[in-house]
Amino acid sequence: MLNENLDLYLNEGYYPFHMPGSKRSKILRSDLPYRRDLTEIYGFDNLNDPEDIFIQMEERLAQIYRVNKAIISTNGSTSGILSTIRALCRDNKNILIQRSSHKSVYNACELNSLNVSYINIVTDEQLAIKDIDHEDLEEKLKEKNYQALVLTSPSYEGYLLNLKRIYKLCRENNTKLILDMAHGSHLPLTSLYDNSFDVAITSFHKNLSALTPSAAVLINDMEYFDEIKRNMAIFQTSSPSYVILQSIDEMIEKFKSFGPLYTNLENNLDDLYKLRLDYLKIIDDPEKDRSIILISTKNSNISGSDLDKLLREDKIEIEMSYPNYVLLISTIFDIKDGFNRLKNSLRRIDGLLEDKNKSYSLELPIPQKKLEIYEAIDYKKKLVKLEDSLGKIAREFVYAYPPGSPILAPGELIDEKILSTFTYMLENNIHLNIKDEYIAVLIDK
Ligand SMILES: Cc1ncc(COP(=O)(O)O)c(C=O)c1O
């Protein structure tokens, strides 16, 4: 579609007296895609008001994800999440979100002055986010009429939620289910995909082939289609990248050939998961996407960040490390040689280790909410040392990176529990956005 049209167009020899300013110039680097960077010229449609090629691409995406409509984002899942939450939560401002939601969900709550309640999360024995607390969900949905529930599945660590059960519950309680499926764009290639949601948002750049930060909003509930579309034109750039769009086009065109690639990936993963290790453990779980490789260091004398360093010695770069595990992303584009290198490196490292059963107890408490996020940010702030912040109200988010989920939100009370969580995280080299142990608390308006 888009790529073919552009190939034809480039052969026709038009001179570009239009944007972008790079003008396909030969002075510029040849390994950057200047030649294929264009704008809404004649015959090339407009993403924010599509009539032709982009409508066709969105229809093909809707077929792939088995939904009624898809809207392409060249600004990541971030703009899809902002648009969806704004479109849905106009009249009823009560929203229920998974506490471990991505910061874009929290930003949407701030921007739309929403009244936020949280669903507790459940972690596995490595302290990776595994599930939500279903009892908590049932109770909260009964307590109040929430316009929307926002959940993340798969989690960053690859665990999947039982969407059928949750969606049924949402419908019984008249609450819309918004699914942050940023880490699950590849799921339609597997038996793990479930389209039980009202709206989902997915990032193609994370687990498929399209360039960073390509994504889409996937819509089942057509009541909100027009309003989400309108909001996408607000939160997206008015100059969507045609280079990104071409990469989405290629992904759609080649999607059929991705099936056999997924079979290759599964074979490589089967091989990896069979690896016999004495101390390190590759976590396998029926509720988990195996392509997200979680390697536990819990029964060894090293931490996740030590394992990260040891893997780097063998020139293996990972996605992230936590005190008890490392996380590696594999996709259909990985090659056998990459898996062999990983297996050899894990064997070498495992041979260096000793047995040590560490018991970690990281609590992720939800602090008491004193003000809504949007209310708290109206107050002035001052910076205080962590040790002097007890009993004060946070004025800023404190995030753990990666993946960037808040541990403390503006308007929440800083209590002993949250302070000991910070101490634990800092001691275990989890990166928090706290500079020199100072935290912003609110003072008068
Ligand atoms: C759970 C989750 N949702 C949403 C996003 C935002 O995705 P994007 O980078 O495509 O904007 C991320 C990014 O890391 C994420 O981890």
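These legends walk through several close-up views of a predicted model.

**View 1**

**View 1. Polar atoms facing the ligand's oxygens.**
Zoom in on three side chains here: threonine 78, serine 203 and lysine 206. An N or O atom in the side chain of threonine 78 is 2.6 Å from an oxygen atom of the ligand. For serine 203, the distance from a side-chain N or O atom to a ligand oxygen is 2.7 Å. Lysine 206 has a polar side-chain atom 2.9 Å from an oxygen atom of the ligand. How much of the ligand does the protein cover? On its own the ligand has 390 Å² of accessible area, and the protein covers 83% of that.

**View 2. Serine 73, tucked away in a strand.**
Serine 73 belongs to strand E1, which covers residues 69–73. Is serine 73 buried or exposed? Its relative accessibility is 1%, so serine 73 counts as buried, given that the cut-off for buried is under 20%. Look for serine 79 as well: its side chain and the side chain of serine 73 make a polar contact at 3.1 Å. Leaving aside residues up to four places away in sequence, serine 73 touches Ser79, Pro213, Ser214, Ala215, Ala216, Met232, Gln236 and Ile248.

**View 3. A salt bridge between aspartate 31 and arginine 29.**
How many salt bridges does a search of the whole structure find? The count is 23, and this view picks out one of them. Aspartate 31 pairs with arginine 29, and their closest N and O atoms are 2.8 Å apart. Aspartate 31 has a relative accessible area of 54%, so it is exposed. Arginine 29 is exposed too, at 56%.

**View 4. A salt bridge between aspartate 194 and lysine 164.**
Here the side chains of aspartate 194 and lysine 164 meet in a salt bridge, at 3.2 Å from N to O. The pair links distant parts of the chain, 30 residues apart. You'll find aspartate 194 in the loop between strand E7 (176–180) and strand E8 (199–203), while lysine 164 is in helix H6 (residues 163–172). What about their surroundings? Aspartate 194 is buried because its relative accessible area is 15%, whereas lysine 164 counts as exposed at 55% relative accessibility.

**View 5. Two helices linked by arginine 348 and glutamate 313.**
Another salt bridge joins the side chains of arginine 348 and glutamate 313, with 3.3 Å from N to O. Arginine 348 is in helix H11 (residues 336–352) and glutamate 313 is in helix H10 (residues 304–313), so this pair also links distant parts of the chain, 35 residues apart. Arginine 348 has 32% relative accessibility and counts as partly exposed. Glutamate 313 is exposed, with a relative accessible area of 53%.

Methods. Residues numbered from 1 in each chain as written. Predicted model: local features only at pLDDT ≥ 70, side-chain atom pairs only at ≥ 80, totals over all residues. Heavy atoms only, no water. Polar contact = N/O pair within 3.5 Å; in protein donor to acceptor, adjacent residues only side chain to side chain. Areas by Shrake-Rupley, 256 points an atom, 1.4 Å probe, with all protein chains shown as cover. Helix = DSSP H or I, 4+ residues; strand = E, 2+ residues; numbered from the N terminus. Buried < 20%, exposed > 50% of the residue type's maximum accessible area, 1.4 Å probe, protein only. Contact = heavy atoms within 4.5 Å. Salt bridge = Lys/Arg side-chain N within 4 Å of Asp/Glu carboxyl O.
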